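My notes are below, in the order I looked things up.

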Amino acid sequence: MPTWRYWMENKDDASFEINWEDAWNFGSSLKLKGGSAFTGDHLWRLYKTQLAVNGGGTLRLVYKSSNTTNASVEVKLSTTSSVNPDVTLSAPKTTTKNGWTVAEYDLSSLNGKTIYMIGLNVKAKFTVYDYELSLGELSVLPANYAPAPVEVKNLATTSTLGNVQGDARLTWDFDYTADFDHFDIYKENEDGTRTMVGQTRDEAFYVPTFQRKDNEAYVKFIVTPVMKDMRQQKGKSIVLDYPQATAPVVSFTISNSYLKVGETATITANGTGNPTAFKWTLPEGLKLADGSSLTSQTIKVVAQKVGKQRVTVDVTNAIGTSTTSSNILDVMTEEEYKKIYNVVYQKKVLGYSGSTNYKEVPDKIIDGVTNPTSASDKWCNVSADNWVTFDLQSVYRIYSFKIFDGNAGPESGVDQIDSYQILLSEDNEHWTTVVDTYNRQKESIKTDYIAPMRARYVKLVPHVNGILRIWEFEVYGKKDNSMKLSTLTNNVTMNAGESYNINVTYDLGEGATKADKFECVATSKNGNVTIGTIKENVKKSTFIIPVTAKQRIGDDVVTIRVVNGDDYEEIAVQVEVDATTQPNVLKGKTAEVRHYENDYSFEAAFKKYDVSGLTDGNKADEALTDIEAPSTHRDDVWVIFTAPEGKQWDLAKVVVNIPNENYAENDNEEMNYVNKDVKIAVGDDLTRMNTAKTFSGLKKVSELSYIFPESVKTKYLAVICNLYVYSYPSMAEVSAYEQFADPTAINNATVQNAVKGIYTVNGTKLNALQKGLNIVKFADGTVQKVLVK
């Protein structure tokens, strides 16, 4: 930006602005708007400097003038410590490029002098109306400037172009020099048309979605180094080939894919290879609207009859003709129409590319709030690669999507999505792209209708040149069948080695009958249970799914799917595998209890207490009676257990018991709840513990139990308490249980912890492991139970 913003003599009603739409070298330009009548001399002071001129040099001015006949630009300099010019540069070498004038002035006449001010005199010898002058560049270059060359090396891409369009991810190497400024990236079509697509100082660049031009065979990308003087050096190019041109590959754009009788929709056939002819065939359920033609690319239809409507179109290009049919829309009764709703609302996020912080995550865009009051209630990410996958948790017939982009929420003037894809799947493995669109940046609310399609999983892949901000994502559809499943319970607790029968009752729905393919299948998510042979009780419309818990402590999800022909419905049962046979590794140990004198930090001061009552088996009585001061700080009570010297625990489960149902008298002599939040933390460094579980907002509670998703090897176990203010620390018992040992662990025992003996459960000493449950004692005094199958 200029030193003076903006100092112009005889300014009158002239004004200045940053122009982001028209720039000399990407970025922006500085525009002077002359106002209603621009005439005479206007000295525009720009920069206060102190540039010594030795051996000449060049001053370069790049500008664009709306009137070069009656208006001109002079470069004015001051060679004394003054803001008043005493030198006018003349006789520049002038060229034009892309509508910009490039004027280069020789500074050799100023040798030995110092430039203190640079300005422009914008002159109009006659009155010029609505005059505009844009400044693209002003630079001062040393004499005989000859930058060291920069070579683009190892230019490569992993991108593959499609029949219709593509994008490109380019990477390269180069050796940096002090003269290097940036790279210009160009896209060149087969016909030689070249377009700048971006600039970067990095060794990678992403070119967002671009369209194939007619039936061109390839597209070329050129990476060109640009030096400090803004001159380009020799670039390096790479060619990406399109698939061989074929008869049109056709997709449809539709204004609405679900109608009631009498409603209209517009359908457009989009074909590859520059189509020249179209011929539509309509079902009896649709009628061509007045004014439409069956030989146009776009037609308007009127719904005549309820049902799924299959449309056919023949599309011709220079290669040939293709015929494409699609169930393009559904005509519904009033009752069916009302069943369509936002099916992704409060469903499940399976995975996503990333977010700027832990708050601005994709869960926020399926909460039903399109314009929240908080600016954090969005998905935000800073990346060229963004994606999120949703599980609708059932199969739906999908019709449309709606994206509430950056400017649709409480923020404004922010980056918006330029292009995006939406994909659908029934199994989360095989995907169909149903929306692939571009040039949508100006739409704050983006709506897309598709030919109706069955799906359970939805993937959104947005591309934005800047920061991604999405406030809400909606998916409109309806249940694809009327089948219902139910179980007696959706949560099952089992002991390791136990078996349990999950009973699932099915209701196929009104009028539905069993198809030839009618079956039930079940899967385990984490592998902590095995699925037995599934049986059907036909009279009770029930499937019996036997599950057996493995010799592991952990949780699992058993997903049961009932298939009826092409339709299916699923239900999930949460399974927790516990083990009453595993020993409590904390039994009889002394806990280190810390009561911090400030909000917790690893540097905060604390009082230390050694407490043995937390592991004596008494789950009802208070064990922290030694602490006589109330809690007034956050996370200020830590109960710490340390594994035996040289050993780590392989923890699978932790249980915390709280006396008096978490209710006691506080320092104000009032009865109130005690523990507000309790955290389970593990780690090998007490200053960097990892929180595995947080129990928040506690009220009436006696026991907190947590099973780790995967067992955790750790030196320390900490129970961290955040108390209601002025409450006294309160806890009765802490128990911890290790995961079942792997039999191979015995063979890997170190000399320092060698096996001391192997015993049966009755205490009989064995010479080696035998089939069944074995008790293994190690030299350090620890004991493990080992199951051999």
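**Entry 1: what kind of model**
I am working with a predicted model here, so each value below is computed from predicted coordinates.

**Entry 2: aromatic pairs**
How many aromatic pairs does the structure hold? I get 27. I picked two of them to look at.

I started with Tyr506 and Phe543, whose ring centres are 5.3 Å apart with 40 degrees between the planes, and that pair is tilted. Tyr506 belongs to strand E38 (residues 499-507) and Phe543 to strand E42 (residues 542-549), so the pair links distant parts of the chain, 37 residues apart. I checked cover as well, and Tyr506 and Phe543 are both buried.

Next came Tyr596 and Trp638. Why is this pair edge-to-face? The planes of Tyr596 and Trp638 stand at 65 degrees, with 6.3 Å between the ring centres, and the cut-off for edge-to-face is over 60. I placed Tyr596 in strand E45 (residues 591-596) and Trp638 in strand E47 (residues 637-642), so this pair ties together parts 42 residues apart in sequence. Tyr596 is buried, and Trp638 is buried too.

I also noted an aromatic cluster made up of Trp172, Phe174, Tyr176, Phe180 and Phe183.

**Entry 3: charges over rings**
Which ring does the charged end of Lys260 sit over? I find the ring of Tyr337 under it, with its centre 4.6 Å away. I wrote down a second case, where Lys653 lies over the face of Tyr737 at 5.7 Å from the ring centre.

**Entry 4: salt bridges**
My search of the whole structure gave 39 salt bridges. I went through three of them one by one.

Arg194 pairs with Glu188, and their closest N and O atoms are 3.1 Å apart. Are the two partners buried or exposed? Arg194 has a relative accessible area of 46%, so I call it partly exposed. Glu188 is at 15%, so it goes down as buried.

Lys213 bridges to Asp191 with a closest N to O distance of 2.6 Å. Lys213 sits in the loop between strand E16 (204-211) and strand E17 (218-227), and Asp191 in the loop between strand E14 (180-189) and strand E15 (194-200), so the bridge ties together parts 22 residues apart in sequence. With a relative accessible area of 34%, Lys213 is partly exposed.

For Glu411 and Lys378, I read 3.8 Å between the closest N and O atoms of the salt bridge. Glu411 is in the loop between E30 and strand E31 (417-425), while Lys378 is in the loop between strand E28 (348-352) and strand E29 (379-381), so this pair ties together parts 33 residues apart in sequence. Why does Glu411 count as partly exposed? Its relative accessibility is 21%, and buried means under 20%. Lys378, at 3%, counts as buried.

I also found a network of salt bridges that links Arg60, Glu104, Glu137, Asp229 and Arg231.

**Entry 5: Arg397**
I looked up Arg397 and found it in strand E30 (residues 388-404). Its relative accessibility is 7%, so Arg397 counts as buried. What is Arg397 in contact with, leaving aside neighbours within four places in sequence? I listed Lys308, Asp330, Pro452, Met453, Arg454, Tyr476, Gly477, Lys478 and Asp480.

**Entry 6: Val577**
Where is Val577 found? I have it in strand E44 (residues 567-578). Val577 has 0% relative accessibility, so it counts as buried. Not counting residues up to four places away in sequence, Val577 touches a set of residues that includes Met494, Asn528, Ala549, Arg552 and Ile707. From Val577 to Gly351 I get 26 Å, C-alpha to C-alpha, across 226 residues of sequence.

**Entry 7: a surface patch**
My last stop was a nonpolar patch on the surface. Which residues form it? Met1, Ile18 and Trp20 do, and together they have about 370 Å² of accessible area. Trp20 is in the loop between strand E2 (15-19) and strand E3 (29-33). Its relative accessibility is 62%, so I put Trp20 down as exposed.

Notes:
Residues numbered from 1 in each chain as written. Predicted model: local features only at pLDDT ≥ 70, side-chain atom pairs only at ≥ 80, totals over all residues. Heavy atoms only, no water. Phe/Tyr/Trp six-rings, centres within 6.5 Å; stacked < 30°, edge-to-face > 60°. Helix = DSSP H or I, 4+ residues; strand = E, 2+ residues; numbered from the N terminus. Buried < 20%, exposed > 50% of the residue type's maximum accessible area, 1.4 Å probe, protein only. Lys NZ or Arg CZ within 6 Å of the ring centre and 35° of its normal. Contact = heavy atoms within 4.5 Å. Patch = residues over 30% accessible without salt bridge, like charges linked within 9 Å, V, L, I, M, F, W, Y side chains within 5 Å. Areas by Shrake-Rupley, 256 points an atom, 1.4 Å probe, with all protein chains shown as cover. Salt bridge = Lys/Arg side-chain N within 4 Å of Asp/Glu carboxyl O.
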